[in-house]
Amino acid sequence: MPKKAYLAEHLSSEELKDRYRSSQDSVETRRWHLLWKISLGWTIKNAAVAVGLDYQYSFRILKKYNELGEEGVKNLKKKSAEHRRGKEPLLKEEQFQKLKEELKERPADGGIWTGPKVARWIEKETGREKVWNQRGWDYLKKSRYSCQKPRPKHKKGDPVEQEKFKQNLPVKVQELRN
């Protein structure tokens, strides 16, 4: 019979089960699940297989839990994901909100917003000498701007006839209803 793993009594078996079921982070959930199985008398190897973890990794989780308690189970990599890699964003939050408001209107030239136009807007707003066109496109995507053009008009279309049709349409609809 394999030797039973030592599990420090930081939390009871029921508390470990509750942590396993209520955890929002998938990495921490697996770790709590492993510790709960071990608290029920499972071996590290069998608990690791049941949870889907490597034996060595499971052993390290158990060791950290025994040393640090709940702090040893936390997913530390989750916190490092917020790191911006040393780069500051081109626009501060207020400027970004201002850009989103600008995108609701037409640009100064009357066309549609494009990456280069947004890049020029950022240059004026921030006072930077050069903003690459790709960065303008990135901010268009970040603001979820949808580039929509009006439907093209047919070459043979007659504007006078179209207006006449629009004016007579309610009358024709009424006739069809009667």
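User: At roughly what angle do the axes of α6 and α7 cross?

Analyst: This is a predicted model, in which local features need pLDDT of at least 70 and side-chain atom pairs count only at pLDDT 80 or more, while totals for chains, interfaces and linings use all residues. Residues are numbered from 1 along each chain as its sequence is written, and side-chain values use heavy atoms, leaving out hydrogens and water. Helix α7 covers residues 115-126, helices being DSSP runs of H or I with at least four residues, numbered from the N terminus. The axes, lines fitted to C-alpha atoms over the stretch in contact, with angles from 0 to 180 degrees between N-to-C directions, come within 12 Å and cross at roughly 135 degrees.

User: How is α6 oriented relative to α7?

Analyst: Angles under 35 degrees count as roughly parallel, over 145 as roughly antiparallel, 65 to 115 as roughly perpendicular and the rest as oblique. The crossing is roughly 135 degrees. That makes the orientation of α6 to α7 oblique.

User: Which residues of α7 take part in the contact with α6?

Analyst: Contact means heavy atoms within 4.5 Å. On the α6 side, the contact is made by Gln95, Lys98, Leu99, Glu102 and Leu103. On the α7 side are Val118, Trp121, Glu125 and Thr126.

User: Is glutamine 95 buried or exposed?

Analyst: Glutamine 95 lies in helix α6, which runs over residues 93-103. Leaving aside neighbours within four places in sequence, glutamine 95 is in contact with Leu90, Trp121, Glu125 and Thr126. Buried means under 20% relative accessible area, exposed over 50% and partly exposed in between, for a 1.4 Å probe and protein chains only. At 16% relative accessibility, glutamine 95 therefore counts as buried.

User: How far apart in space are the C-alpha atoms of leucine 53 and arginine 30?

Analyst: Leucine 53 is in the loop between α3 and α4, and at 15% relative accessibility this residue counts as buried. Beyond its neighbours within four places in sequence, leucine 53 is in contact with Arg30, Leu34, Ala48, Ser58 and Ile61. In sequence, leucine 53 and arginine 30 are 23 residues apart. In space, C-alpha to C-alpha, the separation is 8.3 Å.

User: How is α2 oriented relative to α4?

Analyst: The contact joins Val27, Arg31, Trp32, Leu34, Leu35 and Ile38 of α2 to Tyr57, Ser58, Ile61, Leu62 and Tyr65 of α4. The two axes come within 10 Å and cross at roughly 80 degrees. That makes the orientation of α2 to α4 roughly perpendicular.

User: How is α1 oriented relative to α2?

Analyst: Ser13, Leu16, Lys17, Arg19 and Tyr20 in α1 meet Thr29, Trp32, His33, Leu35, Trp36 and Ser39 in α2. The axes of α1 (residues 13-22) and α2 come within 8 Å and cross at roughly 155 degrees. The two helices are therefore roughly antiparallel.

User: What distance separates the C-alpha atoms of arginine 31 and alanine 48?

Analyst: Arginine 31 is found in helix α2, and with 13% relative accessibility it counts as buried. Leaving aside neighbours within four places in sequence, arginine 31 is in contact with Tyr57, Ile61, Val73, Lys74 and Asn75. Arginine 31 and alanine 48 are 17 residues apart along the chain, and their C-alpha atoms are separated by 9.6 Å.

User: What is the phi of arginine 144 near?

Analyst: Arginine 144 is in the loop between α8 (133-142) and α9 (159-177). With a relative accessible area of 74%, arginine 144 is exposed. Its phi is positive, in a residue other than glycine, and is near 60 degrees.
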